[in-house]
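Hello,

Here is the structure we talked about. Please open it first, then read my notes below.

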Amino acid sequence: MVKIRLKRLGYKKNPTFRIVVIDSRSKREGAPIEELGHYNPKTKEMKLNKESAQNWIQKGAQASETVQYLIRNCDENGSLIYNKKAEQKLSRKALAKLEEQKQKEAEAAAAAAEAANTEEAPAAESEASES
């Protein structure tokens with residue numbers, strides 16, 4: 001049977017994991033069939049090829065509970081979607097980085113909305129002048 005599970009990397013008390021497709025009879029650090037991504041539980045950073053993971057599941061691969069959670073809480077880019085519990089466990093640096101990222105996204109959205117408004121105004125004026 002083929003499984004999708006975590007392969008532990010990193011040094012003592014600082015784990016990082018690779019998300020791998022592997023034969024269930026092989027050991028945890030054994031040779032994988034395919035590597036789908038990586039996950040760092042301390043910084044909650046993740047990168048996952050969600051499309052490939054879904055393909056393996058459709059072929060009959062069994063995902064571990066943790067990997068199922070990661071796949072469910074993954075956006076289309078393969079990054080982990082943060083929830084409030086996860087944010088509470090983050091370090092100060094990671095929280096500051098997350099807030100900075102949210103602020104940049106908000107500024108980009110505001111700039112895009114403003115650009116859309118300025119493009120609509122000339123079109124409305126030209127229609128009014130034609131009448």
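A salt bridge is a side-chain nitrogen of Lys or Arg within 4 Å of a carboxyl oxygen of Asp or Glu. Before the findings, a word on the source. This is a predicted model, where local features need pLDDT of at least 70, side-chain atom pairs count only at pLDDT 80 or more, and totals for chains, interfaces and linings use all residues. Residues are numbered from 1 along each chain as its sequence is written, and side-chain values use heavy atoms, with hydrogens and water left out.

Salt bridges

The structure holds 3 salt bridges. Lysine 104 and glutamate 100 form one of them, at 3.5 Å from N to O. These two sit 4 residues apart in helix H4 (residues 92-130), so about one helical turn separates them. (Helices, H or I with at least four residues, and strands, E with at least two, are DSSP runs numbered from the N terminus.) Lysine 104 is exposed at 52% relative accessibility. Glutamate 100 is partly exposed at 45%. Here buried means under 20% relative accessible area, exposed over 50%, and partly exposed in between (1.4 Å probe, protein chains only).

Glutamate 35 bridges to arginine 18, with the closest N and O atoms 3.6 Å apart. Glutamate 35 is in strand E3 and arginine 18 in strand E2, so the pair ties together parts 17 residues apart in sequence. Aspartate 23 meets arginine 25 at 3.1 Å, N to O.

The sheet

Which order do the strands take? The open sheet of 5 strands runs E4-E3-E2-E1-E5, with mixed pairing. Two strands pair if DSSP finds at least two bridges between them. E4 and strand E5 (62-63) are the edge strands, and each pairs on one side only. E3 and E4 are antiparallel, with 4 bridges. E1 and E5 run parallel, joined by 2 bridges.

The core

A nonpolar core is a set of buried Ala, Val, Leu, Ile, Met, Phe, Trp, Tyr and Cys residues joined through side-chain atoms within 4.5 Å. The largest one has 18 residues, and Ile4, Ile19, Leu36 and Met46 have the most contacts inside it. Helix H1 (50-58) and helix H2 (65-72) are among the elements that each supply at least two of its residues.

Best wishes
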